[in-house]
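This report covers one protein model.

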Amino acid sequence: MKDSSQAGPSSNWRLIKKTLPKSSHHLSDAHARKRRKLTPSGAAAASTPRSAPAASTAASTHIPSHLLGDTTIVNGERLGTLRAMIYAPQPYADTLPEKDRLPGTYVAIDCEMVGVGPAGSESSLARVSVVNYCGAVLLDVFVRQKERVTDWRTQWSGVRERDMVNGACSLYCPAERFAEAHCIAISFEDVQEKVAVILKDRVLIGHAIHNDLTVLMLSHSRAHIRDTQHLAHKHGQSRAPRPALRNLVRDMLGVSIQEGEHSSVIDARATMAVYRLHRKQWERAYSVTPIRVPRETVASKGKQKAEGAAEVEDEAPQVGAKRKRDRSMADGASDDDEEVVAARVKVKAKKNRGSENGRAPVQRKGVSSGLSTIVTRRGGADSKSRGAGEKSKWWTKLGK
């Protein structure tokens, strides 16, 4: 008996094989392929820290000198100064005086996100940058990721995997002032705390600021928020309801940003530049503060109003007396008639006051109280002649 394991291909397979196109690689070779494993040396090379990330394309873009030296003043701001602030050296310009490096009243923020979850469908905070009114960097840190990053979005966020290990960061502490170094990304809780300290009691400026506050899980007073996206459309600087930041900077300042990898520092400075250019117009809506009336004042006003109504009711008879007196004088009445009318009015006023003090109310003419009882007496004259204690035997008169 022939062994089945050594049998050749069947006749059906030979016919099918003739119809198949000829290929250089055999089908069995495709199943024999295996995934290449990383060698220990390769794995070690992948985990080795790299240098700081290269500057973004937008940051390295050459700006013509005539734009930086432009002395045109618009709304009290020189355009050349605002353009130079956007592309100033990072983390802040060494030429700035010490007072311009402090947080001040106004701060601008921008965040960069990376993708987590299936195909990077969910966003996770990766970098936070905060600058002051002059563009000095108050905070610029990378955030350590708690989940596996499936899409770094480097072409938009400018964040790479190596930044989590050795990324340039800048921290501001009120006690230690500035601390700059190449540091490891810090946890989300620490970033959230540092941002909250900087934003406390300050005016926050951002572009679509609700996205940044949502990803930071922070809240801020609505009266201290300036959203350049909303204000530009509200005051007519842009027709689009949600204009992009790069379009606002291009139309207002004549420079281009976000042409390559984004930088949160440049975006925050650009947001501050747009706000400074229209600050006088945009702040008019926030210059009027609402007046809140305490509850005690409202209650006291209500009590005074009730007392005033009671006084008006007491003076009502006197007002009527005055009208009658005027009418009688117009008709040529004598002084004696006026005195009689005034006396009657005083009597009625006393009666009304007595009813308010617990006495029986005096019923006015033409007004029914609804409490009167109608009594009908039967029998005619006989009933009137009877005494108070006599009873009528009416049944004795029925047979007559």
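Which residues form a nonpolar patch on the surface? The patch consists of Trp-13, Ile-16 and Leu-20. Together they have about 280 Å² of accessible area. Trp-13 sits in helix H1, residues 11–19. Its relative accessible area is 38%, so Trp-13 counts as partly exposed.

**Overall make-up**

The model is predicted. The protein chain has 16 helices and ten strands. It comprises 400 residues, of which 32% count as buried. Take the contacts with a separation of 6 or more: residues 24 or more positions apart account for 63% of them.

**Helix H11**

Helix H11 spans residues 245–253. Its buried residues are Leu-245, Leu-248, Val-249, Met-252 and Leu-253. Viewed down the helix axis, these buried residues fall within an arc of 95°, so they line one face of H11. The general rule is that an α-helix has 3.6 residues a turn, so residues three or four places apart point the same way. What covers the buried residues of H11 includes helix H5 (79–86), helix H10 (228–234) and helix H12 (264–277). Just after H11, Gly-254 takes a positive phi of about 75°.

Arg-250 and Asp-251 form a salt bridge. Arg-250 is partly exposed, at 45% relative accessibility. Asp-251 is exposed, at 58%.

**Salt bridges**

Side chains of opposite charge can pair when their charged atoms come close. The structure holds seven salt bridges.

| Pair | Closest N and O atoms |
|---|---|
| Arg-276 and Glu-77 | 2.9 Å |
| Lys-146 and Glu-189 | 2.7 Å |

Start with Arg-276 and Glu-77, whose salt bridge has its closest N and O atoms 2.9 Å apart. Arg-276 lies in helix H12 and Glu-77 in strand E2 (residues 77–78), so the pair ties together parts that are 199 residues apart in sequence. Arg-276 and Glu-77 are both buried.

Next comes Lys-146, which forms a salt bridge with Glu-189. Lys-146 lies in the loop between strand E5 (137–142) and strand E6 (149–151), and Glu-189 in helix H8 (residues 188–199), so this pair ties together parts 43 residues apart in sequence. Lys-146 is exposed, with a relative accessible area of 65%. Glu-189 is partly exposed, at 41%.

Terms used: Residues numbered from 1 in each chain as written. Predicted model: local features only at pLDDT ≥ 70, side-chain atom pairs only at ≥ 80, totals over all residues. Heavy atoms only, no water. Buried < 20%, exposed > 50% of the residue type's maximum accessible area, 1.4 Å probe, protein only. Helix = DSSP H or I, 4+ residues; strand = E, 2+ residues; numbered from the N terminus. Arc of directions from axis to C-beta. Contact = heavy atoms within 4.5 Å. Patch = residues over 30% accessible without salt bridge, like charges linked within 9 Å, V, L, I, M, F, W, Y side chains within 5 Å. Areas by Shrake-Rupley, 256 points an atom, 1.4 Å probe, with all protein chains shown as cover. Salt bridge = Lys/Arg side-chain N within 4 Å of Asp/Glu carboxyl O.
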